[in-house]
Structures are given as structure tokens and as C-alpha cells.
Amino acid sequence: MKNIEQFRYVTGVGFDKLVSRLIEDYTVYGTIKKDGFPAFSKISDAGELELAQTPTHLSAKEFLFPQRETLLKFDIRNNIHEAVIEAKEQVIVGLHPCDIRAIALMDRVFSEGRPDANYLARRNKTVIIGSDCMPDNYCFCKSMGTMTVEEGFDLFLHKIKKGYLVRVGTKKGERLLSKYTVTLKPTAGRLRELDEFNKIREASFTAKLDASPEELPSIYAGAYESPVWDKIGAICTGCGSCNNVCPTCYCFDVKDEVEPNLSEGKRVRVWDGCTLEDFAKVAGGHNFRKTRAERLRHRFNRKFRYLSDRFGELFCVGCGRCSRTCLVKINIAEVTNEIIRESHRRR
Ligand code: SF4
Ligand code: SF4
């Protein structure tokens, strides 16, 4: 149940003031309407922000883990090499609960073992402001246990008829709120409004998984030889879009780009994706996952099994982005349900 102490009330005008003042002091990214769809973008005016209830096609991971970034600059002749870490004070507004859960997973990936200086520098300078959502036909976060968040954000916005209920997640969030706008104690009526919204939201899910998140690693372990992989492998185009849009896909390639003087250059990292043909290709031309079926099996197992073995958490937050974007309609929830049904038949 709600911790009422965590809530503040901000009027619509007060909210615009908060966003305007944040823009003065930070680089602010938030959701706008782009070609009729919600999309994350840099905001330079509070009026541009349109908090979206349905998910954006692309996740917000690029603001913490850019699609392409320079890690190192070098000059071989002069024996110079210097690390490049580009991080600025930034705010991301409009992250849905699944997106906030995804950032928590990325935090683990980039901080456990060998900490990633570039990601962590950016992450430490980032303010996370969440907002409410409403599922579309692809969202299955309710089945993944990621439909709500209690942590991982500095502030969380609940739009109500008049103004916003704002949940405070951190001291930093509290400081920003009191520095940049005026807040009031929420009335019981306004909190009831939120309860009503939450009930409607919870009843609105159409996509669901037919097993609990805890069951999925063993179900996937038993599905290695499933005919499902050949079936979806036969239609997959290997475009890699599912990797690109996924908020928890973090694989990258590192390349050196050398200037024509053959001395200066830079080391860059770019997103890579396990559904791309060259991902598992090694020197000599051998490919550890030659077929699209093998590559999709690998991707699905990473989400529901392999990374759970390593981190103790599933790496799918049920945002539905990979299904939403797939041109040949490979739907991760439907594929998983097919695998679940097969496992029931094997019992
Ligand atoms: S988006 Fe669809 S077609 Fe493209 S690689 Fe992923 S599963 Fe295959
Ligand atoms: S695997 Fe698909 S549904 Fe799961 S988090 Fe990634 S994009 Fe979202």
C-alpha cells in the first residue's frame, strides 16, 4: 500500500515551473510526440514535454549508454593515449516503471565485476523522473513483476485530473522538488484518484505470460531443442531492431578508428546485437551461431535464463518493445507462451 508520506502534490503550473527550472540547470530529456508517437528527445521548453502513457518505440538507454561513444583518443607516434569520458548533468523525465527497472539492471551490468567508467560517470549525473503508464497490447510487465517501482527513481509523477501527485524516491529528488517548485500535501481525494487509475491500469493488460517469472529459467532450459526456434528463425530477417530497442540489451563492439596519418585515432564502442549475423563470428570466419534460429534462441535465453544465472534477475522487463518493432511480428510474449505450453506437454 502507498506510503503517503512519500507523496507531494504539485499543480500543473507548478509542474511546468519545475521542468522550466530543470532545463535552466540540466540537459533534460523527456517524451515528446514525434510523427504521432511518443519518443524521448531533448527538451528545451517545458511546453514540449508530453508525458506519454504508452511506451516509446526506443528506450531511454541511449542517454546512459550511447549507441556510439569514444572511449579513448590516441596518438601512437607521440605515445599519447587519453581516456574520454563524456558525462553531463542530465534529467530523464517520463520513464515508465519497466524502464526504471531496466536501468536498475543496466546499473548492475556496468558496475559489477569491472566497473564501466563511462556508464557510471553518466549514471551518477543523471536524475531519473518516472511517470505513469497504460499498457498497450504488447506490454506484459504485469507478468514479469515489473509493473510498479518502489525505488530506482528520484521522483515519480502521477498525473491526475488537476496537477500531479509526485512520489519522492531520493533525497536528491526531494531537494530538486523543494528548490524548483512549490508542493502541497496531497488530499485524500487526490490519492483516491490515483488508486482508481491504478485499478484501471491493472485491469487493462491484454498480453500476459502463462508462467511466473521464477519458472521461466527452468522452462527455457528445457526448450533448447524446441521447434519454436526453427519456426521463428525461418521468418526473422536478422535486422537487429529487437536488440536496439530493448532497454536491457547492452552488448557492444569496440573498434579503433585511425586517421590517414596512421598515428592519431580513437577507440569507439558501438551497440552490437546478438541477432546480427556477425555478432558471434570470429577470426577465420567461424560463426558460433550461424543460423537466425540459433541467434534468436540465444537472445531469448539471455533474457529469461543465462543472465538470471549470473545476476539472479531476469533481463526482460516486459516492455514489449522488441515485439512492437519486429517487422515479421515475432512476439516475445507469444513465443514464451508457446515454450511454456511445450513444457507443460513434456510433464
Ligand atoms: S526485430 Fe524481428 S526480424 Fe529483426 S532481428 Fe529481431 S526478431 Fe528478427
Ligand atoms: S526483451 Fe523485449 S520485452 Fe523484454 S525488455 Fe527487451 S524489448 Fe522489452
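1. A nonpolar core is a set of buried Ala, Val, Leu, Ile, Met, Phe, Trp, Tyr and Cys residues joined through C-beta atoms within 7 Å. In this predicted model, the largest such core holds 72 residues, and those that touch the most other members are Ile 92, Met 106, Ile 129, Cys 141 and Leu 155. Helix H2 gives the most to this core, with seven residues. Both domain 1 (4–203) and domain 2 (213–346) give residues to the core, so it lies between them. As a general background, nonpolar side chains tend to be buried together in soluble globular proteins.

2. If the neighbours within four places in sequence are left aside, Leu 155 is in contact with Ile 129, Val 166, Arg 167, Val 168, Gly 169, Gly 173, Leu 176 and Leu 177.

3. The division of the protein chain comes next, with domain 1 covering 4–203 and domain 2 covering 213–346. Their C-alpha centres lie 26 Å apart, and 33 residues of domain 1 are in contact with 29 residues of domain 2. On the side of domain 1 that touches domain 2, the elements that give two or more residues are strand E4 (68–75), helix H2 (97–111) and helix H4 (141–144). Sorted by class, that side of domain 1 has 17 nonpolar, seven polar and nine charged residues.

4. Helix H6 runs over residues 188–203, and its 16 residues reach 23 Å from the first C-alpha to the last, which is close to the 22 Å expected at 1.5 Å a residue.

5. Ligand 2 is surrounded by 13 residues, the closest being Cys 246, Cys 316, Cys 319, Arg 321 and Cys 322, and its shell divides into eight nonpolar, three polar and two charged residues.

6. Two residues deserve a check of their backbone angles, because most residues other than glycine have a negative phi. Leu 262, in the loop between strand E10 (252–258) and strand E11 (264–271), has a positive phi near 60 degrees. Leu 262 is exposed, because there are 9 other C-beta atoms within 10 Å. Lys 329, which lies in the loop between helix H11 (321–325) and helix H12 (332–346), has a positive phi of about 60 degrees although it is not a glycine. Lys 329 also counts as exposed, because it has 10 C-beta neighbours inside 10 Å.

7. Finally, Glu 62 has its place in the loop between strand E3 (37–43) and strand E4. Glu 62 is partly exposed, because 15 other C-beta atoms lie within 10 Å, a count that falls between the limits for exposed and buried residues. The C-alpha atoms of Glu 62 and Ile 219 are separated by 32 Å, and the two residues are 157 residues apart along the chain.

Notes. Residues numbered from 1 in each chain as written. Chains lettered and ligands numbered in written order. Predicted model: local features only at pLDDT ≥ 70, side-chain atom pairs only at ≥ 80, totals over all residues. Helix = DSSP H or I, 4+ residues; strand = E, 2+ residues; numbered from the N terminus. Expected span 1.5 Å × (residues − 1). Near = placed C-beta within 6 Å. Nonpolar A, V, L, I, M, F, W, Y, C, P; charged D, E, K, R; others polar. Domains from an automatic or database assignment. Contact = placed C-beta atoms within 7 Å. Buried ≥ 20, exposed ≤ 12 C-beta atoms within 10 Å, placed from the backbone.
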